[in-house]
Amino acid sequence: MPVAKMSGRGLGHTGGTIDKLESVPGFHVEISKDEFIRLVNENGIAIIGQTGDLTPADKKLYALRDVTATVNSIPLIASSIMSKKIAAGADAIVLDVKTGAGAFMKKLDEARRLARVMVDIGKRVGRRTMAVISDMSQPLGYAVGNALEVKEAIETLKGNGPHDLTELCLTLGSHMVYLAEKAPSLDEARRLLEEAIRSGAAIAAFKTFLAAQGGDASVVDDLDKLPKAAYTSTVTAAADGYVAEMAADDIGTAAMWLGAGRAKKEDVIDLAVGIVLHKKIGDRVQKGEALATIHSNRPDVLDVKEKIEAAIRLSPQPVARPPLIYETIV
């Protein structure tokens with residue numbers, strides 16, 4: 001099932017897909033349209049950034065949304081996302097629409113509206129399109145950053161990733177395989193994906209993808225080759241209890257203060273820095289136990305530490321875990 005993806009750089013808290021992948025030494029997306037098509041046909045996957053030929057207006061709008069307070073505009077989000085999907089030539093499109101504190105769409109109703117607009121756009125131009133609405137009240141997985149998230153993604157492809165990240169990937173991937181008519185049911189599609197992880201085919205395909213776009217694929221086997229921050233520090237629990245809240249937007253802001261994201265479009269991202277969480281909502285914690293590890297390239301991170309402490313709220317009573325997936329829109 002070939003995957004042709006056009007992606008952008010980061011808006012806000014952390015880098016975008018392209019920024020994260022550029023944590024791999026040598027990896028680049030500056031390829032021609034012909035090269036993009038060749039790689040998809042040969043390897044089944046390729047990623048390209050916006051070019052002068054494909055969605056030229058979106059490249060300018062994408063960079064300006066941060067500085068014009070229009071990041072959350074549903075028409076601009078929908079047009080930006082769908083223009084890239086359609087221009088890249090996808091026949092089937094599966095969308096992951098986030099909702100919660102760390103998402104553009106904070107409320108479920110807003111996420112549902114955005115999902116329906118994008119699904120409608122896809123169907124109007126003849127693409128098989130559906131959307132999954134998933135939770136972003138807390139960060140997905142444990143890593144928040146660029147190289148840190150790439151490391152976590154590699155572990156997930158090896159079958160060792162966090163439960164929520166693995167489950168979301170399998171859910172979205174199952175819909176992709178089914179929508180592409182490569183499996184007769186979602187259950188069979190999931191079985192194929194799980195087997196690809198177990199057999200090593202998934203991580204092998206990722207290595208091929210990295211190498212084909214100039215990346216050092218050996219990072220998959222030696223994660224120490226990814227950018228690494230100079231300093232680490234720990235945020236600990238102030239009391240016994242249960243994690244009641246992990247405000248994804250505030251944790252993302254803390255990561256941006258470290259340099260993992262862009263406050264202004266001209267900012268340069270530090271690919272090594274970020275935050276690794278050690279707990280999720282609903283987890284039991286003891287006083288002094290590690291809640292998060294800060295990876296930084298500056299020794300003084302008191303501001304970041306205080307931001308994270310304020311973002312993680314503990315309760316003396318057990319707390320229910322939020323759902324990972326709210327609904328699907330077809």
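Buried means under 20% relative accessible area, exposed over 50%, and partly exposed in between (1.4 Å probe, protein chains only).

**Ground rules.** I am reading a predicted model, where local features need pLDDT of at least 70 and side-chain atom pairs count only at pLDDT 80 or more, while totals for chains, interfaces and linings use all residues. Residues are numbered from 1 along each chain as its sequence is written, and side-chain values use heavy atoms, with hydrogens and water left out.

**The two domains.** I first looked up how the protein is divided: domain 1 covers 3-220 and domain 2 covers 226-315, with bounds from an automatic or database domain assignment. Their C-alpha centres lie 24 Å apart. To the contact (heavy atoms within 4.5 Å), domain 1 gives 33 residues and domain 2 gives 29.

**What they bury.** I found about 2400 Å² buried between domain 1 and domain 2, 61% of it on carbon and sulfur atoms; this is the accessible area (1.4 Å probe) that two parts lose on being put together, summed over both. In domain 1, His13, Gln138 and Tyr142 lose the most area to domain 2, together 27% of what that side buries.

**Salt bridges.** I used this rule: a side-chain nitrogen of Lys or Arg within 4 Å of a carboxyl oxygen of Asp or Glu. The count comes to 21 salt bridges, and 2 are found across the interface of domain 1 and domain 2.

Which residue does Lys280 meet in a salt bridge? Its partner is Asp164, at 2.8 Å from N to O. Lys280 sits in the loop between strand S8 (274-277) and strand S9 (284-285), and Asp164 in helix H7, 116 residues apart. Here helices (H or I, at least four residues) and strands (E, at least two) are DSSP runs, numbered from the N terminus. Both Lys280 and Asp164 are buried.

Next I checked Asp250 and Lys307, which pair at 3.7 Å, N to O. Asp250 is in helix H10 and Lys307 in helix H11, 57 residues apart. Is Lys307 buried or partly exposed? Lys307 counts as partly exposed because its relative accessibility is 24%. Asp250 is partly exposed too, at 26%.

I also noted Lys279 and Glu289, whose closest N and O atoms are 2.7 Å apart. Lys279 is buried at 13% relative accessibility, whereas Glu289 is partly exposed at 28%.

Glu181 lies between helix H7 (163-179) and helix H8 (186-199). Its phi is near 65°, a positive value in a residue other than glycine. At 62% relative accessibility, Glu181 counts as exposed.
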